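Trainee: I am new to this structure. Please show me how to read it, one feature at a time.

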Amino acid sequence: MSTLDELKKRERELLYQLEDNGKENYRTKELIETFEGYDRASHRYKSDLLEETLLQRNQLKNQIFEDLAYHMDDLKKEKFRLEEDLDAVYYERRKELEREEETRHGH
């Protein structure tokens, strides 16, 4: 397999990973929105809950939001890493095309 073919393969892999990252980011946002909806609904019933139950619910909710926020941060970092890798592939591919062009023209 030529270097150009390898770069094209790597480019496809990175694009698929970037797409998967975007889908995971979207699903995480949906989860956050769902949890926020549940949180709003739970406030309507708050008067029926004991104080200790409220504290536990808030702790759990905060932990869930914190975990999801960390996951979002990880997804963003992975997105930037994938974009950097993709940029590197584009750069190497361009260099490889330039080398092939030079070879064809005898430079």
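Mentor: Start with helices. Helices (H or I, at least four residues) and strands (E, at least two) are DSSP runs, numbered from the N terminus. This is a predicted model, in which local features need pLDDT of at least 70, side-chain atom pairs count only at pLDDT 80 or more, and totals for chains, interfaces and linings use all residues. Residues are numbered from 1 along each chain as its sequence is written, and side-chain values use heavy atoms, with hydrogens and water left out.

Trainee: Where is the place of E11?

Mentor: E11 sits in helix α1, which covers residues 3-44.

Trainee: How far does α1 reach from its first C-alpha to its last?

Mentor: First, the general idea. The expected span of a helix is 1.5 Å times one less than its number of residues. Now the case here. α1 has 42 residues and reaches 62 Å, close to the 62 Å expected.

Trainee: Is E11 buried or exposed?

Mentor: The terms rest on relative accessible area. Buried means under 20%, exposed means over 50%, and partly exposed is in between (1.4 Å probe, protein chains only). E11 has a relative accessible area of 13%, so E11 is buried.

Trainee: Which residues of α1 are buried?

Mentor: The list is L4, L7, E11, L14, N21, N25, T28, I32, D39, A41 and S42. Part of their cover comes from α2.

Trainee: Which residues does E11 touch?

Mentor: Contact means heavy atoms within 4.5 Å. Residues up to four places away in sequence are not counted, and E11 then touches L86, V89, Y90 and R93. Look also at D85. E11 and D85 are 74 residues apart along the chain, yet their C-alpha atoms are separated by 8.6 Å.

Trainee: Which residues make up the largest nonpolar core?

Mentor: A nonpolar core is a set of buried Ala, Val, Leu, Ile, Met, Phe, Trp, Tyr and Cys residues joined through side-chain atoms within 4.5 Å. Here the largest one has five residues: L7, L14, L82, L86 and V89. α1 and α2 (51-104) each supply at least two residues of this core. α2 gives the most, with three residues.

Trainee: What is L7 in contact with?

Mentor: Leave aside the neighbours within four places in sequence. L7 is then in contact with V89, E92, R93 and E96.

Trainee: How many salt bridges are there?

Mentor: A salt bridge is a side-chain nitrogen of Lys or Arg within 4 Å of a carboxyl oxygen of Asp or Glu. By this rule the count is 14.

Trainee: How close are the N and O atoms of R93 and E11?

Mentor: In this salt bridge, the closest N and O atoms are 2.4 Å apart. R93 lies in helix α2 and E11 in helix α1, so the pair ties together parts 82 residues apart in sequence. R93 counts as partly exposed, because its relative accessibility is 23%.

Trainee: What separates K23 and E19?

Mentor: K23 and E19 are four residues apart in helix α1, so about one helical turn separates them. They form a salt bridge, with the closest N and O atoms 3.2 Å apart. K23 is partly exposed at 41% relative accessibility. E19 is partly exposed at 42%.

Trainee: Where do E98 and R94 lie?

Mentor: Both lie in helix α2, four residues apart, about one turn of the helix. E98 counts as partly exposed at 41% relative accessibility. R94 is partly exposed too, with a relative accessible area of 47%. Elsewhere, salt bridges that share partners join R10, E78, R81 and D85 into one network.

Trainee: Is T28 buried or exposed?

Mentor: T28 is found in helix α1. Its relative accessible area is 2%, so T28 is buried. Leaving aside neighbours within four places in sequence, T28 is in contact with L68, H71, M72 and L75.

Trainee: What lies 2.8 Å from a polar atom of the T28 side chain?

Mentor: The backbone oxygen of E24 does.

Trainee: What about I64?

Mentor: I64 is found in helix α2. I64 is partly exposed, with a relative accessible area of 22%. I64 and F35 are 29 residues apart along the chain, and their C-alpha atoms are separated by 8.6 Å.

Methods: A polar contact is a pair of N or O atoms within 3.5 Å; within protein, one must be able to donate a hydrogen and the other to accept it, and residues adjacent in sequence count only if both atoms are side-chain atoms.
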